Amino acid sequence: MTSPDALFMLTSGRLEARMKSHTVHLTMNVPARMDFVNITRDVERVVADSGVKEGLCLVNAMHITASVFINDDEPGLHEDYKRWLEQLAPFDPSPSRYHHNRTGEDNGDAHHKRQVMGREVVVAVTKGELDFGPWERIFYGEFDGRRPKRVLVKVIGE
Amino acid sequence: MTSPDALFMLTSGRLEARMKSHTVHLTMNVPARMDFVNITRDVERVVADSGVKEGLCLVNAMHITASVFINDDEPGLHEDYKRWLEQLAPFDPSPSRYHHNRTGEDNGDAHHKRQVMGREVVVAVTKGELDFGPWERIFYGEFDGRRPKRVLVKVIGE
Amino acid sequence: MTSPDALFMLTSGRLEARMKSHTVHLTMNVPARMDFVNITRDVERVVADSGVKEGLCLVNAMHITASVFINDDEPGLHEDYKRWLEQLAPFDPSPSRYHHNRTGEDNGDAHHKRQVMGREVVVAVTKGELDFGPWERIFYGEFDGRRPKRVLVKVIGE
């Protein structure tokens, strides 16, 4: 047997434990064809606004010639990545190297670079914050810039 | 103080907010050694069946010579990917290039191609639908086909 | 109309359905510069301890010169991966190949190898266990070892 008062207290406890979700689309404007932008603070803000204390945070490029990845905020490394990606999948607007460019596009290389660097990251949210190692930062990777593109941030948890 | 009726209404509201999950294994049969199959509609159906309005959808290959990735549904690009992956990790059944083929397997290359293209994608579910950019489509990537393989789709949320 | 007893039973049913989460940081000590460690059992233990029956399990490297990936527990394949990654991004402590090494680091190559193999995996938890295909195993991939590093395992679900 239980009284309505006891029930309400039990119920209140669970109110905080129910699932929450929060979704934000960021807009990126990168003036170069290829570049990397640190979006860690934007993601931290979305996590804070979500009110989620324990959960997961998905961050993904919504465009297929762009990436979201986690690595070091070090300009020399970013130069290395650009040179390396250019070797693995060189920019070439002609339709001879990339059949994709037969469609009238010139960004076949960008679809390849994005696969190397990845579409998304999933980050743990613990005690209301991104549960990160000491050097982890979140980057938007642009491989066909000079027009607005979007990044999705979704937090789910309790 | 609260009455049983008020409690019940409060409770009903939370009934909809509790976590749901739904899991489906798709079976893929790709006649070629390497090919890409658009599985976006299959995943959309699983999301609709799940009843989840806000959450995350995981889609992953359950086999280690296959990928799930998101990119463009454009045949020229898919030809480009195949040629590029063949350069990065050529098919070679001999055990000289791939030690893995000393086990009697001939698919060492497929284990490499899968790492470039990735095992899984995590997609946001917003208002009951995949929260996608304009050109995002989900593909199963097969690198050692000609036998049935499985893809896992799991939706969690509320 | 409903009685307090009925409410309590309804409430109890939902107590099991509320979201749970469980977070563990594993510490890795890899004596070689590059090596792969099977951490499947450690992850299985975290999932069992979480009490989650249906949900998602995130496993990620907390360091940016390391990976978590899923593939085969076959030593020949691991040798193949090492040789292949060394071709794609050779170790070279000089600052001429990797600008990153101008910072005094010698691990520019490791930041590239990690991008090929990936930062994280997300695995479905179904009926209280990792929902795996027959050969899926979880590996920690070290590319700049000989010091302690951490792996995050987070399970959310119900």
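Trainee: Hi! How do strand S3 and strand S5 of chain C pair?
Mentor: Strand S3 (residues 55-61) and strand S5 (residues 120-126) of chain C run in the antiparallel sense and pair over 6 bridges. Keep in mind that this is a predicted model.

Trainee: Thanks. Which residue stands opposite C:Glu120 in S5(C)?
Mentor: That's C:Asn60.

Trainee: And what's the order of the strands in that open sheet of chain C?
Mentor: The open sheet has 5 strands with antiparallel pairing, in the order S1-S8-S3-S5-S6.

Trainee: Which strands stand at the edges?
Mentor: Strand S1 (20-28) and strand S6 (129-130) of chain C do. Each has a single partner strand, so one side of each is left without a neighbour in the sheet.

Trainee: Switching topic: what rotation superposes chain A on chain C?
Mentor: A rotation of 120°, with 0.0 Å of shift along its axis, and the RMSD is 0.0 Å. That is the relation of a three-fold axis.

Trainee: Nice. How many residues are in contact between chain A and chain C?
Mentor: Chain A has 42 residues in contact with 38 residues of chain C. The two chains bury about 3200 Å² between them, and carbon and sulfur atoms give 62% of that area.

Trainee: How many salt bridges are there between chain A and chain C?
Mentor: The count is 2. C:Lys154 forms a salt bridge with A:Glu54, where the closest N and O atoms are 2.6 Å apart. There are also 17 residue pairs in polar contact between chain A and chain C, both residues at pLDDT 80 or more.

Trainee: Which element gives the most to the side of chain A that touches chain C?
Mentor: H3(A), with 8 residues. By class, that side of chain A has 24 nonpolar, 7 polar and 11 charged residues.

Trainee: OK, now chain B and chain C. How much area do they bury?
Mentor: About 3200 Å² between them, 62% of it on carbon and sulfur atoms. In chain B, B:Met19, B:Ile64 and B:Gln115 lose the most area to chain C, together 19% of what that side buries.

Trainee: What does B:Arg119 form a salt bridge with?
Mentor: Its partner is C:Glu136, with the closest N and O atoms 2.7 Å apart. The interface of chain B and chain C also has 16 residue pairs in polar contact, both at pLDDT 80 or more.

Trainee: Last one: which element gives the most to the side of chain B that touches chain C?
Mentor: That's H1(B), with 7 residues. The residues on that side of chain B divide into 17 nonpolar, 12 polar and 9 charged.

Definitions and conventions
Residues are numbered from 1 along each chain as its sequence is written. Chains are lettered from A and ligands numbered from 1 in the order in which they are written. This is a predicted model: local features need pLDDT of at least 70, side-chain atom pairs count only at pLDDT 80 or more; totals for chains, interfaces and linings use all residues. Side-chain values use heavy atoms; hydrogens and water are left out. Buried area is the accessible area (1.4 Å probe) that two parts lose on being put together, summed over both. A salt bridge is a side-chain nitrogen of Lys or Arg within 4 Å of a carboxyl oxygen of Asp or Glu. A polar contact is a pair of N or O atoms within 3.5 Å; within protein, one must be able to donate a hydrogen and the other to accept it, and residues adjacent in sequence count only if both atoms are side-chain atoms. Helices (H or I, at least four residues) and strands (E, at least two) are DSSP runs, numbered from the N terminus. Ala, Val, Leu, Ile, Met, Phe, Trp, Tyr, Cys and Pro count as nonpolar, Asp, Glu, Lys and Arg as charged, and the others, Gly among them, as polar. Copies are superposed by least squares on the C-alpha atoms of residues with pLDDT of at least 70 in both. Two strands pair if DSSP finds at least two bridges between them. Contact means heavy atoms within 4.5 Å.
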